[in-house]
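Subject: Structure handover

Hello,

Here is the structure I promised you. Please open it alongside this email; my notes follow below.

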Amino acid sequence: MNNSQIKILREDVICKISAGEVVERPASVVKELVENSIDAGAGSISIDIESAGQALIRVADDGNGMTPEDAKLACTRHATSKIADIGDLDRLNTFGFRGEALASIAAVSQMDLVTRRQGTDAGTHIELESGEIRRIRPAGRDTGTTIEVRNLFFNVPARRKFLKKDATELAEIASVVGHFAVSYPAIEFRLAHGVRTILHVTPSMDMLERIRLVLGGDVADSMVDVSFSSGLRNVKGFISLPSSTRKDKSSQLFFVNGRNVRSRALGDALHDAYASMLERGRYPSAVLFVDLPSSEIDVNVHPTKLLVKFDDEKNIKALVSDAIRLRFDALKTVKQHDAVERSFPGPAPFSTSHETAEVFHSDAPGIQTQFSYDIKKESGGKPAPWGWPAAKTSPERRDVETPGIFQLGDCYIVRMSQGEIEITDQHAAHERVFYEYFTKAVSGGAHDVQSLLFPVRLDLSASDTLIMSKILDAFKALGFLIEAFGERSYVVQGVPALLKDRDVKAVVMDALTDLSEKDLAKIDVVDEMVKIMSCRAAVKAGDKLTADEMYAILEQLYRCDLPFTCPHGRPTIIELKVGDLERMFRRK
Ligand code: ADP
Ligand code: MG
């Protein structure tokens, strides 16, 4: 397999390259060796590490191996067809490194290379130290290559000093191998530190199982699949629900045409798709595979080949955001159906009256349908603390009749569903419902205003008067009827119907107080008011709910555009699956 294009680089060039980024730390050695194994068509790659890679890194594969001549060339000098002189180094950014990894690694370690080329009957064993060949001999081996790197940086003490704690270096190695494990589902990967197996994935595992092993069960369990195409471009993979986020981006993996990349554009697209569903400083988990015609990307913009550049960045971002948004929409529809169906299974045992059932199944579009409980409220029912009809039958009886749903700690709605327990924060969920109701009412200009039989007079302090004058329009936008009454007084003559059972004075004063702490010039006052009113209108933690009320909250929640978080970005729903229990009970 002689290749006349291969040239031997001069020593100064080699040094320059070796000082580069190829062999920065044990993890970069692992990365280069595994990449070579993948390039060689390996179906199984074993990585053994000792002392976090400082004592030993061994990568063994069943790829197509090297002839004795190739093996010698590959690791002694910069065998490459890509660059010839130092001046060419500047162009590496566009070429990427070729032919430097093995030599660079050999130069800073004691290396053993054992390889046998497919179709030949003898293998080769080459021993090197500081890049010099010490010994070559025939060796028995199946087709494939094993490279052992011992005492990394033994001859570059300065480098050795820069290595981080063993745990850190090992974590980095595990992360490198993990990324390969996720991006090459057809390859078996095994990573061991001493006698301890850190990761073992086989081709029979599905992607989610691999993700579970690489990113952990918590991340994997919070994920749903996505798959979306637009022309020749497509996105597939797994993303977390907005309710299970993390405080860093460590569980966001992006692959472009099978290669693990870092990409700000993809990160931004992901973030955009979750938009207002995320709390500040929280990040979703995602394993996303983006496939594009290779003419549309440049993966060699960085020497370590991790960065990727898209020709049409805007389009790619839209592709990813759309894929995620569509998935959430679909999910919501399923949940919504689920909630409605479960609300009234069969002859609707929980339904207190025909009217109530009608509300759920009404075809009338829009918010009015969702919020028509008020109108249908019957005088017979004890008013619930938050203005919806109370159930006619006693709560105790219902609890017996409806084991599918119950309230925990007067705060959480717990519901059984196939294979999982769904726990909803009653306040957060209801807040989301009202938030969207008020937002739509504000933008649509349609209000359900309830005139007060006894108008409420507010006598304000000088500073509150100032704030009130600034936010009076916002109050009106929300459906309050408030008039100035003298210099420092206002009269509230009407409120949004949903707030009619509330302490009107307290609601208005609290809004003033909340807003006095904000810089009104910098915030969206109406949106802020909507949040405050939603919080006020929603059931509180501590409010006792009947089964009907709980179902109503869930049903309305799933009609929301963004059901999985409250307006402040906290999760509304948490799901506990059988798999979670199995892990908690350490069955798995
Ligand atoms: P590059 O991968 O950029 O060509 P390397 O220094 O990493 O440069 O490897 C040099 C050459 O050695 C490769 O091009 C390949 O021909 C050969 N090689 C390295 N590792 C393996 C392996 N595991 N199996 C087969 N061939 C290998
Ligand atoms: Mg290589």
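**Glu436 and its surroundings**

Beyond its neighbours within four places in sequence, Glu436 is in contact with Cys560, Asp561 and Leu562. Please keep in mind that this is a predicted model. Glu436 sits in helix H16. Its relative accessible area is 7%. The cut-off for buried is under 20%, so Glu436 counts as buried. Its side chain reaches the backbone nitrogen of Asp561, at 2.5 Å.

**Nonpolar cores**

Helix H16 comes up again here. The largest nonpolar core has 46 residues. Those with the most contacts inside it are Ile239, Val256, Leu288, Phe310 and Ile324. Several elements give two or more residues to this core, among them strands S9 (223-230), S10 (233-240), S11 (252-256) and S13 (286-291). The helices that do so are H10 (264-274), H11, H16 (426-444) and H20. Helix H11 provides the largest share, seven residues.

Leaving aside neighbours within four places in sequence, Ile239 is in contact with residues including Met223, Val224, Val226, Leu270 and Tyr274. Leu288, Ile324 and Phe328 are also among its contacts.

There is a second, separate core of 42 residues. Val23, Val30, Leu163 and Leu170 are included in it.

**Aromatic pairs**

How many aromatic pairs does the structure hold? The count is seven. One of them is formed by Phe328 and Phe564. The ring centres are 6.4 Å apart, and the planes make an angle of 55°. That pair is classed as tilted. Phe328 is in helix H11 (residues 313-343). Phe564 is in the loop between helix H20 (547-557) and strand S22 (573-577). The two are 236 residues apart, and the pair links distant parts of the chain. Are these two residues buried or exposed? Both Phe328 and Phe564 are buried. Together with Tyr274, they form one aromatic cluster.

**Salt bridges**

Side chains of opposite charge can pair when their charged atoms come close. The count here is 25 salt bridges.

Take Lys31 and Glu35 to begin with. Their side chains meet in a salt bridge, with N to O at 3.5 Å. Both residues belong to helix H2 (residues 26-39). They are four residues apart, so about one helical turn separates them. Lys31 and Glu35 are both buried.

Next, look at Glu148. Arg58 forms a salt bridge with Glu148, and their closest N and O atoms are 3.0 Å apart. Arg58 lies in strand S2 (residues 56-61), whereas Glu148 lies in strand S6 (residues 144-150). The pair therefore ties together parts that are 90 residues apart in sequence. Arg150 also forms a salt bridge with Glu148, with the closest N and O atoms 2.8 Å apart.

Which of these residues are buried, and which partly exposed? Glu148 is buried, at 15% relative accessible area. Arg58 is partly exposed, at 24%. Arg150 is partly exposed too, at 32%.

These bridges belong to a network of salt bridges that links Asp48, Arg58, Glu148, Arg150 and Arg190.

Best wishes

Technical notes
Residues numbered from 1 in each chain as written. Chains lettered and ligands numbered in written order. Predicted model: local features only at pLDDT ≥ 70, side-chain atom pairs only at ≥ 80, totals over all residues. Heavy atoms only, no water. Phe/Tyr/Trp six-rings, centres within 6.5 Å; stacked < 30°, edge-to-face > 60°. Buried < 20%, exposed > 50% of the residue type's maximum accessible area, 1.4 Å probe, protein only. Salt bridge = Lys/Arg side-chain N within 4 Å of Asp/Glu carboxyl O. Core = buried A, V, L, I, M, F, W, Y, C linked by side-chain atoms within 4.5 Å. Contact = heavy atoms within 4.5 Å. Polar contact = N/O pair within 3.5 Å; in protein donor to acceptor, adjacent residues only side chain to side chain.
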